[in-house]
Each structure stands twice: as C-alpha cells, then as structure tokens.
Number of protein chains: 2
Amino acid sequence: MNIPITKIGEFGLIERFRKQLKTDSSVIVGSGDDCAVLEFNRDNYLLFTCDTIIEGIDFSGKTLPYLVGRKSLATSLSDIAACAGKARYALVTIGLPKKSSLRKIEEISRGIFDLAKKYQVNIVGGDISRAKQLFIDTSVLGTVEKKALVLRKGAKKGDIIFVSGKLGGSIKGKHLEFTPRIKEARFLVKNFKLNSMIDISDGLIQDLAHILKQSCAGAFLYEELIPLARQASGIDDALYAGEDFELLFTLPLDEARKLNAMKKKFPFWPIGEIVEQKYGLRLVDKKGKDKILKIKGFRHF
Amino acid sequence: MNIPITKIGEFGLIERFRKQLKTDSSVIVGSGDDCAVLEFNRDNYLLFTCDTIIEGIDFSGKTLPYLVGRKSLATSLSDIAACAGKARYALVTIGLPKKSSLRKIEEISRGIFDLAKKYQVNIVGGDISRAKQLFIDTSVLGTVEKKALVLRKGAKKGDIIFVSGKLGGSIKGKHLEFTPRIKEARFLVKNFKLNSMIDISDGLIQDLAHILKQSCAGAFLYEELIPLARQASGIDDALYAGEDFELLFTLPLDEARKLNAMKKKFPFWPIGEIVEQKYGLRLVDKKGKDKILKIKGFRHF
C-alpha cells in the first residue's frame, strides 16, 4: 500500500483531496478554479488565491533574482485576472538558502515590489524561512463585482474561444516577463458577456481541457488561427508549453463579433469554438482535417 | 557588496523590507503584527496571515505526517488567535519530494482537514508542487469585530502580563500538538479589555520583546510565576524555546484582577508587569533580584 504519488499524478492528487473538502455557504467557489470566490459584500466577492514558484522548476539558479521576484507575484495576479477581478492585498513567503546574499534577496523583493506598485497591490506581510531550495509563495486577495465574475465552468456550445496574446514563447523567456492580464480581463467583463475564462499556466490544451471538463463541453481549435509567439519553434510550443499566462476565454458568437469589430486597446485572437462534449478536443489543420488532441501539459508529478 | 544574509538576520531582513512597503488606507495594519488587518465591513476587519513549515527546521523527517499537516494549519490559526479573530478560510500550498508516498500525503492532508473541521475553517484551495524538501505554506483569512481587535502595540505601564498555558514544552513535542488558542482569545476579548497580545512562536522573551518594542515599554517577569510545562528542563526552556504557541497578553491591573477572580473555562497565568521602557526587559528571580534578559529566541538566519 505504498503507492508513489507519481502514479496518481498532480491532478489526480488534487482531485482526491478536493472530494474531501466541505465548505459553508459563504464559499461561492472553493478549490477547482483559478481563485476561491468568497462572500464579501452586497455587490462584490472576495477572490483568494496562492501560487508557489520553486528554483529548478519554475526558474533556474541563473534566472535574474529581480525576475524571480516579479514572477512570483505575477503568477498569482494572473489567477486574479482569470476571474476578472482586481488584486488588492498580498502576503509573500520566501524560503531562502542560508548562503544567499543580501543583494539577491533585495533584487527578489525589488521585483515583487515593482510589480505590486504597478498593479496597486498592497504587500501586507509575509514570512522568511531557511530552506534548501529557493521558493516563493504569494497569496493574493482581490475583489470582483458579482456580475463580473467569470469561472472555468460556463462555456456553451457555439461559444468562440479567444486568447489574449501570442502563444508558445514561454520556454524562451516569456514565463519570466509576462504581463498579468488584469486590465484586459477588466476591459472584457465591462464590455462583453463572457461565459468562461482561465489563464494559461499549464499549456493551452491542458488549461482548455479544464474549461471543457467543468463546462461538460468539447472544442475545435483551428491551427491557422492560433497566434504563435515569434520565439515559438512550432505549433506544439503553443499547444503544450506551460506558461504563456495569457487569458483563454469563451463568449457567445454575437459577443465575439462585437469584440472582433471593436477598435480596442488590447489585441485578442479567436482560435476556435466550443462544441458538444462528445467531440472531445480537436485541432483542425490547415487542410481542414481534424484530429483528437492528447490532453497534456506541465505537471509536477 | 556581497553581504551574506546571516549578517543581517531574519528580523533585520524583515525590517529592511517593511520600510519599503506603502499601503493604502484600507490597510489598518500591514506587515509587523501576527496578521494583516484589512477593512471589511462596518463592524468587522479581515485578518490575513500565512505561515510556512519546512522539513528539517519545523519538523523532522521522522515526524508523523498527520502531525506535520496539523501543525501547518495550527501555526496560522495561532496567528488569528493572537489578533482575537475567528478563522474562516485557508489555502494550502504543499511542496513535495517526488518520491513521497500517497500514504504520506494523505496523512498530511488528514492532519490539515481534521484541524480545519474542528475550527470550522473552509479549505478553499491550494497548490501542490514538486520540491526537494517537504514544506507546507498555509494562508488563512479570518474576521474580527473592530472593537475586539488586539495588536502587539498597546501594552501600557502597569499592565499585567499573562500567558495562556505552561511554557517550555515545545522541543519535547508540544510544537506538534499545541492547541491554537482561538477560543481562549475570543473568551478574553468578550469579557476583558486587553491592551496587547501575541502568540509565542519564537520564544517567550523574543515575542514579549516584539510587544515591548511596538508599545515602547519595558517589562518585569517573575521567575516563580512562570508556569513550566512538565517537559521543560528548566526556566530557560520557558524563556527561549521557540514554539509554545500560547497567547501572551497584557491588560490593566483592574481587568487582571477580574480575570484572576473569575471562575472560567480556561487557565491563564500572570507572569509579570509592563513598566517604563527605560527598565528594559528583566527577570526577577526567587530571591527578588532582577537581571536584564538577553533578547534571543528562534531565528532562521
């Protein structure tokens, strides 16, 4: 009975625990979306999320400490964006090898503080611990108007699928310098009726699969519509490379037409459509042929 | 200019960063207390805190996984108690070595879930990452009535200093099985006017020093009044051993008399009094002689 966790996998583990969680009626959405959604006041929900980055996995020992700090907060802000909220408060926990230099930790914190300032996030506390491996965990609290909240579930047959930026540039460095799409998400929910949204943190296909699973839906993606980052070496980088941190969202056809027609500050790319669940997740190539895509992407185990 | 962080120390580092933090008017208390205190609604504040425990520092590789999980949440609940609040929501981040067994992670989560149930805390999400060293970071949101909030600052000359339990049992195991003193803190603020409070997580002396620094005060402790845990090998265990996780609080003499006279569910021990800052922090021995205490306790660096 000593099963290694690698047999269960990251999502298997999470699913196993999620089933055991019981929450009271103040929890609108618990585990299973980009943020937890909690009762706050008449018009707004609280959003509560955390993200950890670890040396050797999410960045290397050679990554500029400033960018490590920046990324640690940016990943949590991207979760707030995926729920269409505004970020308000953050706690930062740092695990730090004993031999770290003061300069390194100062650069890390400068990366965090600069991004916090840009997004008007209050850093309200945290923790420093000794650790063998550098890691940073950020917890962020945000707010969202009840009517603006968008979740993973809610995608409907006929919805058009959009992304907020070019994909596949992650491995070549974008995962360190991406823009959390809070402004873009706020623009979207103020002007359009979105049915579902997620941020791409584990790869387009794996994250779209989360939307499809929670929405009981399928999808067709059109290869020629998927915008490739110039650093991408091919379509597979766009489909499976983990951390583009762009928004992936769906909205009804008439709303999609409005979005496409509108002269706007932010670019958005339509890449496919939501179909019935029985079709699964398919990629239509440039010749019009479709194939079922394997659901894969970044996994810790 | 490559100063090692060990030269600055944990509290030096934290102080350095704290000075750079700017927060808006919705932040009642930012970094520097047991919890951040945030505007919530007319009668209540939000409390926001996080705590990390790491293998090899906060528990050993031989510690029962159930107790590791329990401790990870208990430390954050203790922070909520120190601000006299109720815990409501938690996010749990786990860094897990790849070779961990399913049984181990299930025991860890059982420890977390059991404690969450006991304290009516909603676990609303989290994260699992691969890490070299097992660590768990819990972020907790709580609420506290505005009139009930107690901070580190606020201790006044003449206040009596109390603790909520016997001290010095930490190293012998209490740090793994302590009771977060939420009920005790709630009882106190409902019936008495407390001037300051903290939880003892770095040792009685070091944590009392936080109260004194923030309150610009000094203190006399009376050796014969300090309640020793039966596992304590002497007074030094009670003064300096890190993790008793008892409440340390101060209240005016007349309130202290009421507390001492009241027949109550919970035991509290008076151990000293708040004096002017110029006296520093002193221990009065059984012969009535006093000496200045060195401010020391657990530090990561």
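Visitor: Across the interface of chain A and chain B, how many residue pairs in polar contact does the rule find?

Guide: In this predicted model, the rule finds 20 residue pairs in polar contact across the interface of chain A and chain B, both residues of a pair being at pLDDT 80 or more. On the side of chain A that touches chain B, the elements giving two or more residues are helix H1 (5-8), helix H2 (10-18), strand S2 (36-39), strand S3 (44-54), S4, helix H4 (102-118), strand S5 (122-130) and S6 of chain A. The largest share of that side comes from S5(A), with nine residues. Sorted by class, the side of chain A that touches chain B has 34 nonpolar, 20 polar and 14 charged residues.

Visitor: How many residues of each chain are in contact, and what area do chain A and chain B bury between them?

Guide: The size of an interface is often given as the accessible area lost when the parts come together. Here chain A and chain B bury about 6,000 Å² between them, and 65% of that area lies on carbon and sulfur atoms. In terms of contacts, 68 residues of chain A meet 68 residues of chain B. Because 100% of the interface residues of chain A are also interface residues in chain B, the copies meet through the same surface.

Visitor: How many salt bridges does the rule find across the interface of chain A and chain B?

Guide: Side chains of opposite charge can pair when their charged atoms come close. A search of the whole structure finds 38 salt bridges over all chains, and across the interface of chain A and chain B the rule finds four. One salt bridge joins the side chains of B:Arg16 and A:Glu106, at 2.7 Å from N to O. Another brings together the side chains of A:Asp24 and B:Arg88, with an N to O distance of 4.0 Å. A:Asp24 lies in the loop between H2 and strand S1 (27-29) of chain A, while B:Arg88 lies in strand S4 (residues 86-96) of chain B, so the pair joins two chains. A:Asp24 counts as partly exposed at 34% relative accessibility, and B:Arg88 is also partly exposed, with a relative accessible area of 24%.

Visitor: Where in chain B do B:Glu276 and B:Lys157 lie?

Guide: The side chains of B:Glu276 and B:Lys157 meet in a salt bridge at 3.4 Å, N to O. This pair links distant parts of the chain, 119 residues apart, with B:Glu276 in strand S11 (residues 269-276) of chain B and B:Lys157 in the loop between strand S6 (135-145) and strand S7 (160-163) of chain B. B:Glu276 is partly exposed, with a relative accessible area of 34%, whereas B:Lys157 counts as exposed at 61% relative accessibility. In chain A, A:Arg42 forms a salt bridge with A:Asp43, their closest N and O atoms being 3.5 Å apart; A:Arg42 is exposed, with a relative accessible area of 72%, and A:Asp43 counts as partly exposed at 43%.

Visitor: Which residues of H6(A) are buried, and against which elements do they pack?

Guide: An α-helix has 3.6 residues a turn, so residues three or four places apart point the same way. Helix H6 (residues 182-191) of chain A is mostly covered, seven of its 10 residues being buried, namely A:Ile182, A:Glu184, A:Ala185, A:Arg186, A:Phe187, A:Leu188 and A:Val189. These buried residues pack against helix H3 (65-82), strand S4 (86-96), strand S6 (135-145), strand S8 (196-199), strand S10 (247-251) and helix H9 (253-261) of chain A. A:Glu184, one of the buried residues of H6(A), is also linked with A:Lys174, A:Arg181 and A:Glu246 in a network of salt bridges.

Visitor: Is A:Gly30 buried or exposed?

Guide: A:Gly30, in the loop between S1 and S2 of chain A, counts as buried because its relative accessibility is 18%, under the 20% cut-off. Leaving aside neighbours within four places in sequence, A:Gly30 is in contact with A:Cys35, A:Ala36 and B:Val124.

Technical notes. Residues numbered from 1 in each chain as written. Chains lettered and ligands numbered in written order. Predicted model: local features only at pLDDT ≥ 70, side-chain atom pairs only at ≥ 80, totals over all residues. Heavy atoms only, no water. Contact = heavy atoms within 4.5 Å. Buried < 20%, exposed > 50% of the residue type's maximum accessible area, 1.4 Å probe, protein only. Helix = DSSP H or I, 4+ residues; strand = E, 2+ residues; numbered from the N terminus. Buried area = accessible area lost by both parts, 1.4 Å probe. Polar contact = N/O pair within 3.5 Å; in protein donor to acceptor, adjacent residues only side chain to side chain. Nonpolar A, V, L, I, M, F, W, Y, C, P; charged D, E, K, R; others polar.
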